[in-house]
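I opened the model and kept notes as I went. The entries follow in the order of looking.

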Amino acid sequence: MSRRSLTLLKNLARNANGSGIQTRSVTYMPRPGDGAPRAVTLIPGDGIGPLVTNAVEQVMEAMHAPIFFEKYDVHGEMSRMPPEVMESIRKNKVCLKGGLKTPVGGGVSSLNVQLRKELDLFASLVNCFNLPGLPTRHENVDIVVIRENTEGEYAGLEHEVVPGVVESLKVITKFCSERIAKYAFEYAYLNNRKKVTAVHKANIMKLADGLFLESCREVAKKYPSITYNEIIVDNCCMQLVAKPEQFDVMVTPNLYGNLVANTAAGIAGGTGVMPGGNVGADHAVFEQGASAGNVGKDKIVLENKANPVALLLSSAMMLRHLQFPSFADRLETAVKKVIAEGNCRTKDLGGTSTTQQVVDAVIAKLD
Amino acid sequence: MKLADGLFLESCREVAKKYPSITYNEIIVDNCCMQLVAKPEQFDVMVTPNLYGNLVANTAAGIAGGTGVMPGGNVGADHAVFEQGASAGNVGKDKIVLENKANPVALLLSSAMMLRHLQFPSFADRLETAVKKVIAEGKCRTKDLGGTSTTQQVVDAVIAKLD
């Protein structure tokens, strides 16, 4: 054998043994200037928000990610989002946030909802999947819930007809239903997903949910290679807890999406670990996947025991959205290693670690 | 839904005051779905508006064993209608009908509820005990519970266990 082919063989053998979890795929070739740091608006929020957003800041710093944060102080009691924050998001196009406290009952409307409406972030996406090392009752769960984020039961249109009788309007439009259906199928197509399931209750809400379904069917015709089916929301809840592996991508109107996403998140490991984001035509806001408005119990805040995993994985989604795939991969791999090892977990996953301990473990595992 | 669900909550709070020995609390429906799949033991009685109740009942039924076994009923001031607990409107797949493999447990337990409603408690107890024994033994179960029995086989087993 010639000397050269011996060297080549030795190289092949070395690579085949595998150095680390990933083998390198064909490389991503950036355009000149792609490495210029991007500005991202950061809203720490209330409750556990500052803890988990700070976790992301630390990890980004450790990776020297091409991101810099413009931080703004916003709290749930404010009546509106401050205009300078909105301007910053419009300029940067991307935002990362913790939860903003929503007052229950009459009074100020939720700032989380206001933000989504003002920026027209019409699609909310939550990815619920089993994490290696975190066993749950069901295996092979990998569900993406794509939820219409602007209308439906959250139209905010309520009035008291006579004292003691309230009417609440659920508004469904062809425009919004079509665009969420298009987003769901486009997402499935771009991410090589096989099936899209529409969740509805058109047997009862024949016009509203019927319109939603029609829009989904229209869009489905344009994607013949993607399986499309429909499921009534009550049966859907039951199927989620009995056989979640049957679901792939789910497209839903606003309220059902909220409930399905939370149920799926609980099934796959809990809201402390599921990533998600909201996207519109021009902007994207990344936050914890399910229960994004949840600011956590005071006790968790005091003891610094909030789970940063969900927001860390959401920030990995954000890095991919900003087209920094290798940073996203590094972050995601480090987080998954920490979860798989199992000795550094916050209370919601059955451990006793603090947020900072988890952050340190993730940073230690970064390559 | 501050006005609509707010009104519902106000009404619940008013009534709760009259039952000081019963603990009353409130939970937002999305957190509720998550808690149901994570820690269902924390819940006892749940009172809900129409749609949330549909979804919560189906989720809870799935958690606890499936819609094939949970009993339920509907009641008004003057009448009562008993039917399968969750997914009551679900008429099942044609295949199950053809093969006679429908699970009768849910409706049997609902009829036990009906017997109690009619104030025939000992009949209700006998029926319920027989059904529970059949389930516990595990030999005679329909497909939704992981077995291969037909509806008639389950019925025969229940009748055999009646005392």
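**Chain B overall.** I counted seven helices and two strands in chain B; helices (H or I, at least four residues) and strands (E, at least two) are DSSP runs, numbered from the N terminus. Read along the sequence, they come in the order α-α-α-β-β-α-α-α-α. The C-alpha trace of chain B spans about 50 × 35 × 30 Å along its principal axes.

**Ground rules.** This is a predicted model, where local features need pLDDT of at least 70, side-chain atom pairs count only at pLDDT 80 or more, and totals for chains, interfaces and linings use all residues. Residues are numbered from 1 along each chain as its sequence is written, chains are lettered from A and ligands numbered from 1 in the order in which they are written, and side-chain values use heavy atoms, with hydrogens and water left out.

I looked up burial next: 31% of the 163 residues of chain B count as buried. Buried means under 20% relative accessible area, exposed over 50%, and partly exposed in between (1.4 Å probe, protein chains only). I then took contacts (heavy atoms within 4.5 Å). Among those in chain B between residues at least 6 apart in sequence, 51% join residues at least 24 apart.

**B:Asp125.** I found B:Asp125 in helix α6 (residues 121-137) of chain B. B:Asp125 counts as partly exposed because its relative accessibility is 39%. Its C-alpha atom is 9.6 Å from that of B:Met113, 12 residues apart along the chain.

**Cores.** I searched for nonpolar cores, that is, sets of buried Ala, Val, Leu, Ile, Met, Phe, Trp, Tyr and Cys residues joined through side-chain atoms within 4.5 Å. The largest has 100 residues, and those touching the most other members are A:Met60, A:Ile67, A:Met318, A:Leu319, A:Leu331 and A:Val362. Helix α8 (residues 254-268) of chain A gives the most to this core, with nine residues. A second, separate core has 14 residues, including B:Leu109, B:Leu115, B:Val134 and B:Cys140.

I also listed the partners of A:Met60. Leaving aside neighbours within four places in sequence, A:Met60 contacts A:Ala65, A:Ile67, A:Phe69, A:Ser315, A:Met318, A:Leu319 and A:Leu331.

**The β4–β5 loop of chain A.** A:Asn130 sits in the loop between β4 (123-129) and β5 (142-148). Is A:Asn130 buried or exposed? A:Asn130 is buried, because its relative accessible area is 18%. I checked its polar contacts (N or O atoms within 3.5 Å; within protein, one must be able to donate a hydrogen and the other to accept it, and residues adjacent in sequence count only if both atoms are side-chain atoms). One of 2.9 Å joins the side chains of A:Asn130 and A:Thr136. A polar atom of the A:Asn130 side chain also lies 2.9 Å from the backbone nitrogen of A:Val141.

A:Asn140 lies in the loop between β4 and β5 too. A:Asn140 is exposed, at 65% relative accessible area. Its phi is positive, about 60°, although A:Asn140 is not a glycine.

**A:Asn192.** I noted a positive phi of about 55° at A:Asn192, which is not a glycine. A:Asn192 lies in the loop between α5 (174-190) and β8 (195-200) of chain A. With a relative accessible area of 58%, A:Asn192 is exposed.
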